[in-house]
Amino acid sequence: ENFINAKKIKKIIKSYKIISTNQNLSFSILPILYFRNLFSYFELYTFAMGLVELSNKNLINKALVKTFYKLSHKVIFISKSEYDEACKNFSYFKNKFIYVPFCIDHKYWKLENSKIKNKELLFIGNDSNRDFDFLVKLAKQMLDFNFTIVTERLQYADSPNIKLINGNWNKKILEDDEIKKFYNESFLTLVPIKNSFQPSGQSVTLQSLSMKTPVLITKTKGFWDVENFTNNENIFFCSENNADEWANKVRDIYKNYDDYLKVSENGQKLIEQKFNLDYMYKNILDLLR
C-alpha cells in the first residue's frame, strides 16, 4: 500500500543497495529495476520464501522468477531445502543464492516457569500451507487432549476439546506476551503442514522450542533444515498428515516423559546455539559489506 509513488521510485532509482524483505516487494518494482539496469549498476538483495513453488506453477511464473534472478545480486533463502532446490532448478544463477537460517530472539522467547506435564496441545498460525482440516479431524479423534488453536483461518470448530482464539501477528490481535503464555502452558505445539517446498511454521517452531515446548511437525519436502533437526532428539516428526499416526505419536510422547524432557532441553539448546538473531545479523551484515 502506497509503496509505488514518485518520491519512493526516485529513492529506489538513486539507491546503490536495495534490500527487500520478501520477493513480492521485489516483484512489484521489477519494471523500475529493469529500466534502471539499462543505465546504472545496483545491488538487489531479497529474502526469499516460496520462490520454488512459484516458479513451478506455470511458464509465466518461471519467466518472472528468472527475470528476478537476473536483476538480483543475492537471493537469501531462509530454508535450506528451498535453497538446494533453487540451485538445482536454476543452476545458472546459483552463485547468487545464499542460505541464511531464519532466526528468532531467543532471549525473549525464554521459559520463565518450569514445564508441567499436561494434556494441552497448541496450534498457532494463519499460513495457507497449514493443514487446518486435518487439525480439526485430529482434535475430534483425541478427545482426551485439549486443543488451543490460535488462528484467523477457522471461525468454528465442532468439537468440545477445541478452544478457538482469533489471532494474527501482522494485525497485532495478540501481543507476544500472550503468545508466550500459550507456549508456556502447553505440553506440545502441533504444526501440521501441506507438502510443498515453501517453508512453513518456522517462526512458531523456533519460538516454541526456545520456550522448551517441543514441536510435532510434518516432515515435508520443504522442511527448512534437515541437517540440524533430528526426530526424537530436538523435535518430533510425522511423515504425513494421518490422524492415526499423529494421535499415536502424541500419546507416545506423553507416555515417555523422560524422552520428552530430553527433546525439550535439546530443542532449546539448538535454538540458542544456531538459530539466534545475533547469528543471523552477522550473516546478513557480512553479506552486505
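How are α9 and α11 set relative to each other?

Author: A quick caution before we start: this is a predicted model. The chain averages a pLDDT of 91, and 97% of the residues score at least 70. Among the elements of the chain, β8 has the highest mean pLDDT, at 98, while helix α4 (residues 51-55) has the lowest, at 83.

Now to your pair. Helix α9 covers residues 202-210 and helix α11 covers residues 257-274; they pack at about 115 degrees, with their axes 7 Å apart. Angles from 65 to 115 degrees count as roughly perpendicular, and α9 and α11 are therefore roughly perpendicular to each other. As for the hand of the crossing, α9 and α11 make a left-handed one. If you want to find the spot on screen, pick out L206, L209 and S210 on the α9 side, and G267, Q268 and I271 on the α11 side. Sorted by class, the contact of α9 with α11 has three nonpolar and three polar residues, and no charged ones.

Have a look at its backbone: phi of K212 is near 65 degrees, a positive value in a residue other than glycine. Most residues other than glycine have a negative phi. N232 is another case, with phi near 65 degrees and again not a glycine; you'll find N232 in the loop between β9 and β10.

Those strands bring us to the sheet. It's an open one of six strands, paired in parallel, in the order β7-β6-β5-β8-β9-β10. The edges belong to β7 (162-165) and β10 (236-238), each with a single partner strand, so one side of each has no neighbour in the sheet. From one strand to the next, the twist averages 25 degrees. Within the sheet, β5 (residues 120-124) pairs with β6 (residues 146-150) in the parallel sense, over five bridges.

On α7, the contact uses F134, K137, L138 and Q141; on α10, it uses A243, D244, W246, A247 and R251. Class by class, the contact of α7 with α10 has five nonpolar, one polar and three charged residues.

One last pair sits earlier in the numbering. Helix α3 (residues 30-37) packs with helix α5 (residues 59-71) at an angle of about 45 degrees, their axes 11 Å apart, and that makes α3 oblique to α5. α3 passes α5 in a left-handed crossing. In this contact, L30, L33, Y34 and N37 in α3 meet L64, F68 and L71 in α5. The tally for α3 with α5 is six nonpolar residues, one polar and no charged ones.

Technical notes. Residues are numbered from 1 along each chain as its sequence is written. This is a predicted model: local features need pLDDT of at least 70, side-chain atom pairs count only at pLDDT 80 or more; totals for chains, interfaces and linings use all residues. Side-chain values use heavy atoms; hydrogens and water are left out. Two strands pair if DSSP finds at least two bridges between them. Helices (H or I, at least four residues) and strands (E, at least two) are DSSP runs, numbered from the N terminus. Axes are lines fitted to C-alpha atoms, for helices over the stretch in contact, and angles run from 0 to 180 degrees between N-to-C directions. Angles under 35 degrees count as roughly parallel, over 145 as roughly antiparallel, 65 to 115 as roughly perpendicular and the rest as oblique. A crossing is left-handed if the near helix is turned anticlockwise from the far one by less than a right angle, and right-handed if clockwise. Contact means heavy atoms within 4.5 Å. Ala, Val, Leu, Ile, Met, Phe, Trp, Tyr, Cys and Pro count as nonpolar, Asp, Glu, Lys and Arg as charged, and the others, Gly among them, as polar. pLDDT is the predictor's confidence in each residue, from 0 to 100.
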